[in-house]
Amino acid sequence: MKKLSLYFHFPFCVKRCRYCDFVSYPRRDRHTHLKYKKAVFQEIALKVEEEGLRGSELSTVYLGGGTPSLLFSEDVEEILNYLRHFFAFSSSIEITMEVNPETVNGDKIRAFREAGINRFSVGVQSFNPHFLCFLGRSSSLEQIENVLSCMGKINCSSWSLDLLYSLPFQSFLEWQREVESALVYHPPHFSIYDLTFSPRVPLYQFAKRHPGIFPSSDEEALYFEWAMERLDSEGYRHYEISNFAQPGAECRHNLNYWSDGEYLGVGTSAWSYLGGRRQKNTSSLKNYFTRLREGRTPLTFQEELAPHQKLTEDIMLRLRTEEGVKTSYLLAQYKREEVESKLKCLEFLSKEGFIIKEEERFYLSQKGMLVANQIFQEILD
Ligand code: SF4
């Protein structure tokens, strides 16, 4: 039986954060949310038939966004029941929901849990009210503390907390306080990202005008290295560049992305990867509704990955993880000449200290993790 993951994008938020480059609309009205849910159901039915996915086994489901916690628990129940018409749920299925603290309280979290969510990813970003305000986050510190306190009380062994670093005028001490504030709640999983801007977001112009107020790249490296050591001392495994987990609390949905697993993405801007083909849905909500009303899938892009492209992506994705990539795996999957040219590149990066080579396994060193995007560029070229 075919195994896959499913990603459900819910593109609505209370308001837009100033650094946000995701597809999200500041819309809270229930009518639009229900209309959207119905459109996604149509998309699922269409794609299941077109891709021959009926009866496949779902090992993970991820409700992301946007802010899917704007939905009600009845919606979640309906979504999961709808999926059951088409797919078998694995007995150990992981069902994650991204949660923004301003949209939930203890009762709502419990109701989501009862509806079938067994993993929550809480968008905290900062415990400092000044940073929350700068980022344009909708949540207050009190709302954040409430939802985190609730996580310890519900029967949910797996949940995650997101933090951002490299914020303006953020001192080393302030960053240490952020991590310590998070550790008080014993999250089984942490995601830690540095604040970056695309030219499309409001903070981009601000950052260009005031470059000196952000921590330098040396300071960023110091902050991240300290976090790695601190979390290691608390028993977290640094299992992916930005992700840390207590043993067994790794995000299985993301691990599937990083290990060449197949996934179906539904909703605006969602990506799918099925049978070696990569597909992307329209990012426009209007087009999304129109295409489904006309009975068409909302795809705007699809490509069959050429073998050398697949090899390069596979190496880059696996290098994100602590497991890294093994020569025997590559030789079993791809043509020897193509693998050998990539191995030369990995050997070179290992001589430079960015990658560690252990027998036939290559993985990023601490130094490599700090410049992972440049490393991936080397592998691409
Ligand atoms: S909550 Fe997340 S998706 Fe929504 S605007 Fe903020 S960063 Fe973007």
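Predicted model: local features only at pLDDT ≥ 70, side-chain atom pairs only at ≥ 80, totals over all residues.
Seen down the axis of helix 13, the buried residues fall within an arc of 160°, so they line one face of the helix. The residues buried in helix 13 are Val-339, Lys-342, Leu-343, Cys-345, Leu-346, Leu-349 and Ser-350, whereas Glu-337, Lys-344 and Lys-351 are exposed on the face turned away from the buried side. An α-helix has 3.6 residues a turn, so residues three or four places apart point the same way.

The buried residues of helix 13 pack against several elements, among them helix 11 (307-319), helix 12 (327-333), strand 14 (355-358) and helix 15 (372-380). Just after helix 13, Gly-353 adopts a positive phi of about 90°.

| Residue | Relative accessible area | State |
|---|---|---|
| Cys-20 | 10% | buried |
| Cys-345 | 16% | buried |

The largest nonpolar core has 91 residues, of which Ile-44, Phe-87, Phe-120, Phe-190 and Ile-379 touch the most other members. Because domain 1 (3-257) and domain 2 (306-381) both give residues to this core, it lies between them. When neighbours within four places in sequence are left aside, Ile-44 is in contact with Tyr-82, Leu-83, Phe-86, Phe-87 and Val-266. A second, separate core consists of 13 residues, including Leu-135, Ala-207, Ile-213 and Phe-214.

How values were computed: Residues numbered from 1 in each chain as written. Heavy atoms only, no water. Buried < 20%, exposed > 50% of the residue type's maximum accessible area, 1.4 Å probe, protein only. Helix = DSSP H or I, 4+ residues; strand = E, 2+ residues; numbered from the N terminus. Arc of directions from axis to C-beta. Contact = heavy atoms within 4.5 Å. Core = buried A, V, L, I, M, F, W, Y, C linked by side-chain atoms within 4.5 Å. Domains from an automatic or database assignment.
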